[in-house]
Amino acid sequence: MPDYKATLNLPKTDFPMKASLAQNEPLSLKRWSEIDVYGKLRAAREGKPRWVFHDGPPYANGSIHIGHMMNKSLKDIVVRSRSMEGLDCPYVPGWDCHGLPIEHKVMTEMVESGKAKKLDEITPDQRRMAVRRECAKYAEKFIKLQAGQMQRLLTIGDYANPYRTMAPEYEAAALEVFARLIEEGLVYRDKKPVHWSVANRTALAEAELEYEDRVDLSVYVDFEAESREAVERAFGVELDATPSFMIWTTTPWTLPANLAIAVNERYRYSLVRVDGAETIMASDLVAKVTGAAKVEKVEVLAETDGAKLVGLRYRHPFVDRTNPVVHAEYVTLEDGTGLVHTAPGHGTEDYRTGLKEGLAIYCPVREDGTYDDSVPEWLRGKDIWSANAKIVEYLRESGHLFFDHKFSHSYPHDWRSKTPVIFRATEQWFVGVDRPAKRDGATLRHAAVEAVERNVDFVPSWGRNRLRGMLESRPDWCISRQRAWGLPIPSFARPDGSVFMTPASVRAVAAAFAARGSDAWFLETPAQLLAGYDASKDPQAPKDLDVAALTKLYDIFDVWFEAGSSWNAVLRARNLGFPAELYLEGSDQHRGWFQLSLLPSLGAMGVPPFKRILTHGFMVDKNGRKMSKSVGNTIEVEDLMKDVGADVARWWVSSLAYEDDIKVDMDYFRVAGESYRKVRNTIRFLLSNLADFAPRTVEEKGDAVELSSIPPTSIDAWALAETAKLERAVRDAYAALDFRSAHLAIYDFCNDTMSAIYCAATKDRLYCDRKDAPRRRATQTVMFTIVDALSRLLAPLMPHTADEAFRSLWRSDGCCVHLETYRKLDELGIRCDERWGAVLQARSAGFAAMEVAKRDGLENPLDAEVTLPDPNGELRPFLADLPDLLGVSRVVLDPAATASSVRDLRAEPRCERSWKRDGTVRARSDGGLLSDRDALAIGV
RNA sequence: GCGCGAGUAGCUCAGCUGGCUAGAGCACACCCCUGAUAAGGGUGAGGUCGAAGGUUCGAGUCCUUUCUCGCGCACCA
């Protein structure tokens with residue numbers, strides 16, 4: 001028997017089954033960088049419609065983590081898919097460089113290396129500069145590291161010119177935003193209690209706080225009433241001794257700053273005799289309080305309304321003054337006594353009460369957490385934390401302490417130093433959210449809520465509610481910090497103690513910073529910094545301004561102000577387009593970058609900096625727990641790249657329902673690897689059947705047939721139509737930022753449409769037809785078109801593999817899929833018979849019949865003839881492809897049949913080349929048993 | 001405490017405005033192929049849709065209550 005294997009057109013390709021991504025992806029990176037894909041793409045899209053994505057700056061500290069991997073991958077999928085659409089999509093990655101985390105780290109290192117000691121010997125300016133130089137080096141180092149890691153994720157962008165918040169031109173652009181806000185009357189300086197980190201001697205933003213459980217001493221303290229008669233009148237009783245008001249606090253150290261007691265007018269209060277002393281507390285809390293203190297004898301003498309208590313006065317237990325009882329709505333009956341210790345210098349609500357009641361914003365605590373000289377002598381200079389016990393002791397001895405106990409509650413901590421923070425009133429710079437802008441009288445809060453309501457799209461949609469809620473309740477933005485590593489707020493003090501800063505002076509300093517960087521603030525005199533400032537041309541300049549007499553103030557900006565100005569420093573400064581189409585970050589950025597970009601942009605420009613916001617959830621481990629290094633459930637990006645590679649990691653990212661929290665586990669990447677291989681193998685099979693196929697190009701005709709010549713009833717037309725459908729679906733999904741749908745559609749297409757149906761059905765003709773048989777060339781033409789389209793659709797998801805397939809398809813190392821656009825097959829007018837649905841149903845029915853036949857001993861489908869019922873002749877036009885669709889030798893269509901059936905053909909001869917028993921098999925001139933088709937193919 | 005989201009086969013998820021015996025992929029089991037071969041094809045078994053009530057002719061889908069998980073916010077004087 002002749003051996004026919006050599007006469008077949010068996011698959012052949014240089015596209016390997018094994019991807020070896022860890023080895024090959026870096027080679028792709030190198031190739032792309034050599035041909036400057038990003039630059040080429042920019043040039044190729046010049047003049048096309050702009051679509052600007054704006055990157056939120058990660059912090060230049062440490063290695064990127066798995067969350068960055070997802071975030072940057074999603075961003076890259078957006079940019080690449082928009083670009084593939086033919087749009088002009090510049091992408092400038094950026095880094096947040098200033099701020100406490102770096103300064104903290106650098107300081108720690110300096111202390112450890114002994115360098116910090118030398119700082120004491122130099123001037124404050126020199127000291128700040130020494131720290132800043134170290135910080136800048138530190139930031140630079142990590143930008144370099146992270147840039148490499150991000151590129152390893154196969155993200156495309158202008159990595160040659162990223163933005164850095166510490167770059168001079170960036171700093172100047174941020175100051176310009178600040179100048180605009182001043183012009184609009186939105187910036188003010190005021191004393192206000194702010195979260196204060198004693199450890200770092202700086203005010204902290206909400207975003208810099210973490211709440212952790214902490215055990216504090218909680219005390220119930222009696223404040224003696226000033227007038228016994230007044231209390232008697234309030235309660236309508238007569239007393240032998242002066243009663244007290246009982247307050248509760250977990251921060252005894254704030255008692256020296258106590259300036260009022262707050263009650264709620266709506267509650268009932270009782271005058272109680274406890275262990276022989278009279279005191280006042282909320283009626284509903286008498287049992288709870290006395291019970292907690294294990295008091296034996298409790299006697300309620302009288303009751304009255306809270307409103308009657310308002311206006312009474314009491315003596316401070318250890319400071320020589322009397323203070324009022326006031327009303328406050330926030331007083332509740334959940335904890336304490338219903339009488340709230342109020343210190344306007346030490347709490348937000350206390351502060352508000354203080355403003356309302358005309359109390360002083362008194363704060364006797366210095367920035368290092370010790371008392372100043374306005375407190376009683378025994379507390380002066382003492383550290384507040386140690387003062388807690390001291391004060392309690394004092395109260396105990398003076399008889400003011402009713403009861404004390406340990407109390408566990410969650411308490412704000414400085415997120416870096418992990419130390420508890422305090423509320424402390426200090427002079428700070430604020431951006432007011434309730435101040436009318438000069439431009440239109442609208443407040444930032446109003447404008448922001450309006451914008452969120454009307455002018456911004458949210459993915460997922462509930463982001464809108466979330467951001468709106470935050471904006472509605474947010475306080476004024478404290479933008480000043482008392483640190484060295486940051487952008488100085490360019491304000492000066494005049495000899496009379498007043499502060500000098502106008503839009504024009506800010507711009508003058510901005511110009512100095514643009515030229516010499518913000519280091520200039522520490523290296524130059526006010527006169528040098530203001531060299532470009534002319535007071536005579538500044539209508540807002542104070543009279544008799546003497547620049548030479550100014551001294552610099554040393555507050556720096558909250559880093560969020562800098563990051564929140566990126567729309568100006570990057571999008572506008574580089575003429576990329578403003579506002580951005582999309583900001584895409586983790587859901588924590590509702591309170592961070594989203595909100596703090598929105599406010600400056602609205603303040604300065606009157607419009608939001610983004611048209612759409614996409615948020616994704618956070619990575620958790622497979623049990624739903626937060627990932628953290630201390631728990632040890634993290635996955636290192638570097639390991640991931642080595643293990644599965646960027647394409648598989650990105651393929652996994654694209655499969656996620658990113659709006660929720662995302663469970664991550666190494667196993668999931670392995671699963672993604674499996675489905676990646678399915679896609680890869682499908683492409684490989686398609687490519688391997690194109691080894692002898694020269695495509696039609698502009699230059700040459702090649703072996704391709706006209707797509708329009710493919711009959712609508714052929715399986716090729718069906719495959720092509722399915723591809724067009726896929727392309728439409730994937731493009732739509734990308735546009736809707738629904739990457740998951742794109743992923744699933746592509747996977748199903750490869751797994752089902754191609755691998756299970758089309759490839760399986762066309763194997764026979766590809767292998768056994770004559771090389772240049774029209775039927776074979778038609779299939780090859782379609783397969784070529786499919787790989788061409790598919791690699792473009794895959795390019796945003798798996799940049800390396802897509803390009804590998806594309807180059808293999810075109811057999812050229814000079815081409816690159818990332819410079820292409822989608823094929824847009826739906827515009828080609830491909831015709832496909834609408835009865836294909838019925839054909840596929842018949843196929844399933846045929847398989848079912850085959851299963852039955854298998855039970856009766858039939859094993860190889862090629863030994864079978866399947867009869868399909870075809871009552872209305874609907875299947876007739878597809879008869880030619882039906883045997884291949886079922887993988888059997890013959891199909892009979894029977895208008896009279898009601899069910900599919902199978903006939904065993906093993907009694908008939910089998911073609912020695914194609915192994916089919918199609919009824920034409922007979923002995924040929926070469927001595928072999930061949931079917932007509934095979935005989936024709938080898939010319940015997 | 002308030003708000004948001006989620007709880008559907010072992011795993012990852014679909015199930016829009018309520019309507020035929022609740023779907024997909026993976027994994028699993030069985031079978032086939034050995035000319036995509038550390039590949040490919042076919043078939044199948046898996047779920048009382050977190051729980052309890054209710055509305056309805058009919059609910060995974062609406063309402064109420066409740067449990068679990070996650071997130072955010074606030075409070076913690």
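Predicted model: local features only at pLDDT ≥ 70, side-chain atom pairs only at ≥ 80, totals over all residues.
**Isoleucine 635**

I found isoleucine 635 in the loop between strand S26 (619-620) and helix H21 (637-643). Is isoleucine 635 buried or exposed? Its relative accessibility is 12%, so I put it down as buried. I then listed what isoleucine 635 touches, leaving aside residues up to four places away in sequence. The list reads Ile66, Met627, Leu640, Val664, Asp665, Met666 and Phe669.

**Serine 587**

Next I went to serine 587. It lies in the loop between strand S24 (580-586) and H20. Serine 587 has 15% relative accessibility and counts as buried, because the cut-off is under 20%. What does serine 587 touch, not counting residues up to four places away in sequence? I noted Arg466, Thr615, His616 and Phe618. I also checked serine 587 against lysine 552, 35 residues apart along the chain. Their C-alpha atoms are separated by 38 Å.

**Helix H13 and its buried side**

I turned to helix H13 (residues 444-454) and asked which of its residues are buried. They are Leu444, Arg445, Ala448, Val449, Ala451 and Val452. These residues cover an arc of only 160° around the axis, so they sit on the same side of H13. The general rule for an α-helix is 3.6 residues a turn, so residues three or four places apart point the same way.

**Cis peptide bonds**

I looked at backbone geometry next. Most residues other than glycine have a negative phi, and most peptide bonds are trans. Valine 459 and proline 460 are joined by a cis peptide bond, with omega about -5°. Proline 460 is in the loop between S17 and H14. I logged another cis bond from phenylalanine 578 to proline 579, where omega is near -5°. Proline 579 belongs to the loop between helix H19 (566-572) and S24.

**Positive phi**

Asparagine 575 is also in the loop between H19 and S24. It is not a glycine, yet its phi is positive, about 55°. Is asparagine 575 buried or exposed? With 64% relative accessibility, I marked asparagine 575 as exposed. Serine 20 is another non-glycine residue with a positive phi, near 45°. I placed serine 20 in the segment before helix H1 (21-35). Its relative accessibility is 26%, so serine 20 counts as partly exposed.

**Aromatic rings**

I counted 30 aromatic pairs. I opened one of them, tyrosine 220 with phenylalanine 403. The ring centres are 5.8 Å apart and the planes stand at 35°, so I called the pair tilted. Which parts of the chain does this pair link? Tyrosine 220 is in strand S6 (residues 209-224) and phenylalanine 403 is in strand S15 (residues 401-414), 183 residues apart. Tyrosine 220 is buried at 7% relative accessibility. Phenylalanine 403 is buried too, with a relative accessible area of 18%. I also noted a cluster linked by ring pairs: Phe492, Phe500, Phe513, Trp521 and Tyr533.

**Charges over rings**

I checked for charges over ring faces. Arginine 80 lies over the face of tryptophan 32, at 5.9 Å from the ring centre. Lysine 192 lies over the face of phenylalanine 430, at 4.8 Å from the ring centre.

**Chain A as a whole**

I finished with the whole chain. How many helices and strands does chain A have? I recorded 30 helices and 32 strands. The radius of gyration is 38 Å, well over the 30 Å that the globule rule gives for 940 residues, so chain A is more spread out than a compact globule. Along the principal axes, the C-alpha atoms fill a box of roughly 130 × 70 × 55 Å. Of the 940 residues, 57% count as buried. I took the contacts with a separation of 6 or more and found that 77% are between residues 24 or more positions apart. The accessible surface comes to about 38900 Å². Carbon and sulfur atoms hold 50% of that surface.

Terms used: Residues numbered from 1 in each chain as written. Chains lettered and ligands numbered in written order. Heavy atoms only, no water. Phe/Tyr/Trp six-rings, centres within 6.5 Å; stacked < 30°, edge-to-face > 60°. Helix = DSSP H or I, 4+ residues; strand = E, 2+ residues; numbered from the N terminus. Buried < 20%, exposed > 50% of the residue type's maximum accessible area, 1.4 Å probe, protein only. Lys NZ or Arg CZ within 6 Å of the ring centre and 35° of its normal. Arc of directions from axis to C-beta. Rg over C-alpha atoms; globule rule 2.2 N^0.38 Å. Contact = heavy atoms within 4.5 Å. Areas by Shrake-Rupley, 256 points an atom, 1.4 Å probe, with all protein chains shown as cover.
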